[in-house]
Amino acid sequence: MSDFYNQINRNALPCHVAIIMDGNGRWAKANGKPRAYGHLNGVKSVRAVTEAAAELQIKYLTLYAFSTENWNRPKEEIDALMGLLVSTIEAETATLNKNNVRLTTIGDTKRLPEPVYNKLMGCIESTSANTGMTLNLALSYSSRWEITEMVRHISEDVKTGKLTSSQIDDKIISSYLTTKNIPDPDLLIRTSGEYRISNFLLWQIAYAELYFSSVMWPDFTKEHFYEIMVDYQKRQRRFGKTGEQIETGNENL
């Protein structure tokens, strides 16, 4: 195994890692290929990172695969992405089951073409009994869409008397989000050298560690993932407390 892999403390890993997989299009352009070629090669990185996370027994991995804003891209690229999504789901379902990985999804998935939606739901059902890592795909997702839906549903429940306004707190808000069944990310990774969150899990990453990699997503490997785990373990997560409180366990410092 690599040097970075050997440096990883298995007792101090993030429970939930979220990744903004960025750079497919620019990687393809740099290689003189159409954007779809970048997305195709990006699938290899998805497979590698999923395997790396599962090997480390990370419990949740969320991948930002397609945003609501991505619907504004050229139809040719969207069609290629949707076709690739179907073929990838078909090809990977057996592997997910073999590795005890459960597939879930967040986002406005009803906007997906029917064949894509049906394949996605089929894979989710097929892997639902798996008890290892949860692979969560953010598809047709954006945080502003999610927050808008949350506000709408809370408003409806207040109106019908199911909920009172005085009951609304951060836990209630979290329970109305699409991620209500999984913990907030401990670590958010973005590839390709961009320093943006891009409308992704804005509520959920309030206390996440952020890591921005210059590597384009199709070039992202297990070794890059291991390196980031080592970096993560060097950080002190304080959640509003002082370093002394964390180090000593004394809340009064």
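Buried means under 20% relative accessible area, exposed over 50%, and partly exposed in between, with a 1.4 Å probe and protein chains only. The model is predicted: local features need pLDDT of at least 70, side-chain atom pairs count only at pLDDT 80 or more, and totals for chains, interfaces and linings use all residues. Residues are numbered from 1 along each chain as its sequence is written, and side-chain values use heavy atoms, with hydrogens and water left out.

**View A. Thr93 in helix 4.** Thr93 lies in helix 4. Helices (H or I, at least four residues) and strands (E, at least two) are DSSP runs, numbered from the N terminus. Thr93 has a relative accessible area of 15%, so this residue is buried. Leaving aside neighbours within four places in sequence, Thr93 is in contact with Cys123 and Ser126. Contact means heavy atoms within 4.5 Å.

**View B. Helix 4 against helix 5.** Helix 5 covers residues 114–126. The axes of helix 4 and helix 5 come within 9 Å and cross at roughly 10 degrees. Axes are lines fitted to C-alpha atoms, for helices over the stretch in contact, and angles run from 0 to 180 degrees between N-to-C directions. Helix 4 and helix 5 are therefore roughly parallel to each other. Angles under 35 degrees count as roughly parallel, over 145 as roughly antiparallel, 65 to 115 as roughly perpendicular, and the rest as oblique. Helix 4 passes helix 5 in a left-handed crossing. A crossing is left-handed if the near helix is turned anticlockwise from the far one by less than a right angle, and right-handed if clockwise. On the helix 4 side, the residues are Met82, Leu85, Val86, Ile89, Glu90, Thr93, Leu96 and Asn97. They meet Pro115, Val116, Lys119, Leu120, Cys123 and Ser126 of helix 5. The residues of this contact divide into 9 nonpolar, 3 polar and 2 charged. Ala, Val, Leu, Ile, Met, Phe, Trp, Tyr, Cys and Pro count as nonpolar, Asp, Glu, Lys and Arg as charged, and the others, Gly among them, as polar.

**View C. Helix 3 against helix 4.** Helix 3 passes helix 4 in a right-handed crossing. Helix 3 makes the contact through Arg35, Ala36, His39, Leu40, Val43 and Arg47. Helix 4 supplies Glu77, Ala80, Leu81, Leu84, Thr88 and Glu92. The contact residues divide into 6 nonpolar, 2 polar and 4 charged.

**View D. Helix 3 against helix 8.** Helix 3 and helix 8 pack at an angle of about 45 degrees, with their axes 9 Å apart. They are therefore oblique to each other. Helix 3 passes helix 8 in a right-handed crossing. Ala48, Val49, Glu51, Ala52, Ala53 and Glu55 of helix 3 touch Lys222, Phe225 and Tyr226 of helix 8. This contact has 6 nonpolar residues, no polar ones and 3 charged.

**View E. Helix 3 and its cover.** The 21 residues of helix 3, at 1.5 Å a residue, should span 30 Å; the end C-alpha atoms are 31 Å apart, which agrees. The expected span is 1.5 Å times one less than the number of residues. Buried residues of helix 3 include Gly38, His39, Asn41, Gly42, Val43 and Ser45. Ala48, Val49, Thr50, Ala52 and Ala53 are buried too. Their cover includes strand 1 (16–20), helix 2 (24–30), strand 2 (60–67), helix 4, strand 4 (134–141) and helix 8 (222–233). Lys44 is also in helix 3. Lys44 is exposed, with a relative accessible area of 52%. Lys44 and Phe220 are 176 residues apart in sequence and 8.9 Å apart in space, C-alpha to C-alpha.

**View F. Two loop residues with positive phi.** Gln57 sits in the loop between helix 3 and strand 2. Phi of Gln57 is positive, about 65 degrees, although Gln57 is not a glycine. At 66% relative accessibility, Gln57 counts as exposed. Asn199 is in the loop between strand 5 (187–190) and strand 6 (209–212). Asn199, also a residue other than glycine, has a positive phi near 65 degrees. At 15% relative accessibility, Asn199 counts as buried.

**View G. Ser67 in strand 2.** Ser67 belongs to strand 2. Ser67 is buried, with a relative accessible area of 8%. Leaving aside neighbours within four places in sequence, Ser67 is in contact with Ser140 and Tyr141.
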